[in-house]
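Welcome, and thanks for taking a look at this one. Let us walk through how its parts meet and how the whole chain is laid out.

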Amino acid sequence: MSTMDLLGLREEQLKAGYSVCRLINEAVKRGEGRLTKEGALLIETGQYTGRSPKDRFIVLDELTKDTVAFGKTNLPLSEEVYRNLLQKVKSYVEDKELYVIKAKAGASENHAMDINVFCEDAAQAVFSSQIFIKDQDREGFDADFTVIALPNLKANGKEDGIHSEAFVVISFTDKVVLIGGTKYSGEIKKSIFSVMNYRLMGEDVLPMHCSANMGKDGKTALFFGLSGTGKTTLSADPKRFLIGDDEHGWSEEGVFNMEGGCYAKCINLDKDKEKEIYEAIRFGSVLENVIVSDKGIADYCDGSLTENTRCTYPLEYIDNRVDEKKGGHPSTVLFLTADAFGVIPPISKLTREGAMYHFMSGYTSKLAGTERGIVNPETTFSALFGEPFMPRKIEEYAELLGKMIDEHNTEVYLINTGWSGGVYGVGQRTPLKYTRLMVDAALSGELDKAEFIHDEIFHLDVPVSVPGVPEELLHPRKLWKEEAEYEATAKELARKFKENFNRFEGAAENIVQAGPY
């Protein structure tokens, strides 16, 4: 059965082939948004200003029962509940016109996936057109996977067998994603990312929640990290060329972007510190939940709607970019964390085993606004720096990372973009200018000849010095007023690491020993 038949759609219902300009005009005409002074389309997403993890499900069936790691992250949904929701979707769209975006996920000729996104709202069609790789000239409506986004279709929660009015349901068997009850565009993007993270592992390709860029020397670097840790900001480097800001695959050919655009957080966006992102906000971009005056002037410091304000723009809006959206095998991998305890060194070098340990741990402090209900930073461990989007077993991804590091002699560093000198609320966040200098030193190979000190609590190798960075900043212990307080806090965080890693009962001993003592 085709997806069109599955959803009960007829071709005459579909608005296909619309340009971005026409979609924006439709969105404004329909009252879905308005233009800012710079020409960006401003929308508000209402109740849902971030992802809603408890409303995201994967259908449990013959295909997924042995291939998906079901649990607290990958929530299972019975085939019966799925079929009932599918019927609700079919009834809802029976007499509606939908915008259609034909696109691709994956810039690799060998590993790309054709996708269709059917949108109730023109604004979400603009988003889909700009975030994915454009493929509007593809004939017909056949695709490898289809998303149908219906923000005005609300479920009945428990009566429908789910938790609330919102739902994001992935069926790998039917190759469809059903989204209802939420206007947050990130659900569209992340559902396709989840599909790719399942699909690519079956092709021996490592899917990654990371940014990627390339130096003038042609060397590729990867930046892993959860939202708010600095992936987008650090990878949009005026001295380097951006491959992509969020989702990539690492194949036998090298690194490739899964997307055609960027989805950047813009709370406290600074036009001097984040020039590339700031200048990308213009006609064709979509602003989500940013406060804008009657004169169309955006206030990026105002988080009254949410701290998770966002901007979507095509990669072509970044001057320093790699047009092919591909790079070679990475010479350097950076794991980014935002440590609210204030005890992780701002930069440290990892062994292969240490890289696998921290990849499986995925430690950071979850920042306000990234998910509903998060107000203050919370300590969290999100394996692979993106566990909510990784359907298979964590160990499978980590094993493939270790293999890739070995095969391509890749250097791996842990970068703390969070706090030092005390816990969140007492210490200070590491200034971006110093983080950039540390990243530069790692990418240039300058740290290859550096002297390192071994951190006995976290089992990390910390450089004695980095050009341009105050030496005391490299060693958090020196910035705390009371060394005993630092020691106790560091050991408490180390305990949390070990407690979390206990979930991986079959982990090799050399990987376990690479983590905090």
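## Where domain 2 meets domain 3

Across the interface of domain 2 and domain 3, the rule finds zero salt bridges (a salt bridge being a side-chain nitrogen of Lys or Arg within 4 Å of a carboxyl oxygen of Asp or Glu). What the rule does find there is two residue pairs in polar contact, both at pLDDT 80 or more. A polar contact is a pair of N or O atoms within 3.5 Å; within protein, one must be able to donate a hydrogen and the other to accept it, and residues adjacent in sequence count only if both atoms are side-chain atoms.

On the side of domain 2 that touches domain 3, the elements giving two or more residues are α6 (231–235), β14 (241–244) and α10 (432–444). The largest share, three residues, comes from β14. Helices (H or I, at least four residues) and strands (E, at least two) are DSSP runs, numbered from the N terminus.

The contact, with heavy atoms within 4.5 Å, involves 15 residues of domain 2 and 15 residues of domain 3. Their centres, taken over C-alpha atoms, are separated by 26 Å.

## Model and domains

This is a predicted model: local features need pLDDT of at least 70, side-chain atom pairs count only at pLDDT 80 or more, and totals for chains, interfaces and linings use all residues. Residues are numbered from 1 along each chain as its sequence is written, and side-chain values use heavy atoms, with hydrogens and water left out.

An automatic or database domain assignment divides the chain into domain 1 (3–7 + 17–30 + 55–203), domain 2 (210–245 + 329–514) and domain 3 (261–317). The chain has 12 helices and 31 strands, and its C-alpha trace spans about 65 × 55 × 40 Å along the principal axes.

## Salt bridges

The structure holds 35 salt bridges. In one of them, D174 pairs with R83, the closest N and O atoms being 3.1 Å apart. D174 lies in the loop between β10 (167–171) and β11 (176–180) and R83 in helix α3 (residues 79–93), so the pair ties together parts 91 residues apart in sequence.
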